[in-house]
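Reader: I have a structure open and want to learn to read its side chains. Can we start with the aromatic rings?

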Amino acid sequence: RRKLRTDVAAAFPNLSAEQLTEFIPNKEELNVIKIYSHKGEAVTVYMNSKNPILFEIEKALYPTVYTLWVYPNLLPAFSTWPPVLQKLAGGADLMLPGVVVPSSGFPQVERGTLCAVTLLGNRAPVAVAVATMSTAEMLAAGMKGRGFAVLHTYTDHLWEYGDKSYPPTLAPLVTDPAEKERAEDEEEMEGKEPVISFSTDPLQHVDIGDLSLKERDSCAIQTGKEELNENRAAETAEDADGEAQQEAEESRTPQEQMDALFSQCFFHALKCKVKKSDLPLLTSTFLRSHMFSCCPAGQQLDIKKSSYKKFSKFLQCMQHQKILQVKELNKGVESIVEVDWKHPDVKAFAVPEGFSSASAAQDSKSEDREQVYRAPEIIPLYGVSTKMIPLFQESGHRKGSILSSSEVRNIIINYVKTNELVDETNKNFVKVNAVLCDCLLDKSEQDEISNLKWDDLLSRCLERLQPLHQVTFFGQEPVVRKGTIEPIDITVAQRSSNKKVTIVKNLELYGLDPQCVANILQQKVQASATITPVPGAKDRVQVQIQGNQIHHLAKMLLEEYQLPRKYIQGLEKAPKLGRKK
């Protein structure tokens, strides 16, 4: 810890002694983890208060965005337009045409200087980058070419290691008087210059007027002067003028129309479909069972056609507006845990014509969920482990590379054929060379086995790779999780007075709402069903229903929900039916 504090003081001399002590405290827990980038580079990450604060590459220390939000003046900062953030998060470097030239001039930096990247109007950094040229070289190049090599951004995997909080809203330190005057008198200045309105959430869609930028294609260009003063929130606010809304609707791009449809269905579902007793509610269930049913006839929700691209990002925006709160109660499975029904946007929403608020509130949720539930697509995957690198490096794969079983099979077959390892006397066998020996054989087998059958070779390879699995829920992006997926676990427990109860766990992993399953079972078997916490597991629940109800569960999960039998554990414990005399 003392060495780290010394290294940080040397790397960031702007930090005062008090800030340094606050940054790396003496008593609070400080964790160090090692991760690997997609390029195979080893990265050391320092964690404090559940957030990554520093990362180290080749003995060079870099701050994370969490650190820069606390110390925004730690690095020289350069601003860019909000739509550029999406490109930076996708792996692109920051090009000079996308850098905003302030009236006060750029900070003076040299090539190789570590810099922060901010969004116009907010001093909170959203990226950490290294300057590829000095300030003088940037200006001499006419602000063309690659300006900054981006190392880390808001919304990347390193950010996801933390609490996934949003950038704070920090006003610029120095405001140009002309800009300040223009901001105050923006309504009067409509005829002189287009006014640009930004949302506090950089992920939200931003409407930008006549800008001659390469990023212009990712901006929404408004045509009416009144529309230039409106951001996305203003377009859906209660006080929007009816005629202006109609004009905005006509000039909207298909992406903007899908954004508006998502907002409409979101507020409709919150106001008419969801009750406090439904919480926590799986985000997949909310989309599938509530928002889809609020979609007007002739229209269809498609998150990929919106500016959000992922439903999780849409919910992040809603959470940033403090309309709801989303938490990951189970690994890789997010749930809505809190809703502010008194939020002005929720209260101001009017149910569209053709929908009845009363009838919508009385809809049977269990029937809706049964009709629209689609079993997730689950694909086993394999990660290249350290021991298996020699076998896979010829095909260009590194540690952590993720492969399907068919890809693993093809790589092994190509390796065997390239190295001419097929046994000439019996082509069903493969000769074991030094690499196969080290990767696939135990120490006790290395002196005894010289040939392996093809099936044995492939099965040994799969066993020694890191197990992963990909889950794809209907209408959502695929999610890759470590390990093999846990099956739905069904057990029968004995209670007092020789009574039995059936306990079901892990329903959330398959996109099933435990409360919904409990309600359906209770109606079908006419027995008490409750939701209880899983013993020894934080934030996990299980369904408990009176009696041995495995027959009914099997019929529901296998026939109605179409879940494969291999993902259900405990069906053999069903009570044996007595013979009729």
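Author: Tyrosine 66 and tryptophan 69 both sit in helix α3 (residues 65-70). They are three residues apart, so about one helical turn separates them. Keep in mind that this is a predicted model.

Reader: How is a pair of rings described?

Author: A pair of aromatic rings is described by the distance of the centres and the angle of the planes. Across the structure, the count comes to 16 aromatic pairs. Tyrosine 66 and tryptophan 69 form one that is edge-to-face. Their centres are 5.4 Å apart, with 70° between the planes.

Reader: Are tyrosine 66 and tryptophan 69 buried or exposed?

Author: Both tyrosine 66 and tryptophan 69 are buried. Now take phenylalanine 78 and phenylalanine 148. Their ring centres lie 4.8 Å apart and their planes meet at 50°, so this pair is tilted.

Reader: Which strands hold phenylalanine 78 and phenylalanine 148?

Author: Phenylalanine 78 is in strand β5 (residues 77-80), and phenylalanine 148 is in strand β9 (residues 146-153). The pair therefore ties together parts that are 70 residues apart in sequence. Phenylalanine 78 and phenylalanine 148 are buried too.

Reader: Let's turn to charges. How many salt bridges does a search of the whole structure find?

Author: Start with the idea. Side chains of opposite charge can pair when their charged atoms come close. Here, a search of the whole structure finds nine salt bridges. In one of them, glutamate 137 meets arginine 111 at 3.2 Å, N to O.

Reader: Where do glutamate 137 and arginine 111 lie?

Author: Glutamate 137 belongs to helix α5 (residues 135-140). Arginine 111 is in the loop between β6 (94-95) and β7 (114-119). Glutamate 137 is partly exposed, with a relative accessible area of 32%. Arginine 111, at 56%, is exposed.

Reader: Which residues are linked in a network of salt bridges?

Author: Asp442, Glu463 and Arg464 are. Go link by link. Arginine 464 meets aspartate 442 at 3.2 Å, N to O. This pair links distant parts of the chain, 22 residues apart. Arginine 464 is in helix α19 (residues 454-464), while aspartate 442 is in the loop between α18 (434-440) and β16 (451-453). Arginine 464 also meets glutamate 463, at 4.0 Å, N to O.

Reader: How exposed are aspartate 442 and glutamate 463?

Author: Aspartate 442 is partly exposed, at 38% relative accessible area. Glutamate 463 counts as exposed, because its relative accessibility is 62%.

Reader: Last topic: the nonpolar core. Which residues in the largest one touch the most other members?

Author: In soluble globular proteins, nonpolar side chains tend to be buried together. The largest nonpolar core here has 35 residues. Ile488, Ile490, Tyr510, Leu512, Leu557, Tyr561 and Leu563 touch the most other members.

Reader: Which elements give two or more residues to this core?

Author: They are β19 (488-495), α20 (514-525), β22 (541-546) and α21 (550-560). The largest share, six residues, comes from α20.

Reader: What does tyrosine 510 touch?

Author: Leave out residues up to four places away in sequence. Then tyrosine 510 touches Tyr373, Pro376, Ile378, Phe473, Ile485, Glu486, Pro487, Ile488, Leu563 and Tyr567. There is also a second, separate core of 31 residues. Among its members are Leu279, Cys295, Ile303 and Leu324.

Note on methods: Residues numbered from 1 in each chain as written. Predicted model: local features only at pLDDT ≥ 70, side-chain atom pairs only at ≥ 80, totals over all residues. Heavy atoms only, no water. Phe/Tyr/Trp six-rings, centres within 6.5 Å; stacked < 30°, edge-to-face > 60°. Helix = DSSP H or I, 4+ residues; strand = E, 2+ residues; numbered from the N terminus. Buried < 20%, exposed > 50% of the residue type's maximum accessible area, 1.4 Å probe, protein only. Salt bridge = Lys/Arg side-chain N within 4 Å of Asp/Glu carboxyl O. Core = buried A, V, L, I, M, F, W, Y, C linked by side-chain atoms within 4.5 Å. Contact = heavy atoms within 4.5 Å.
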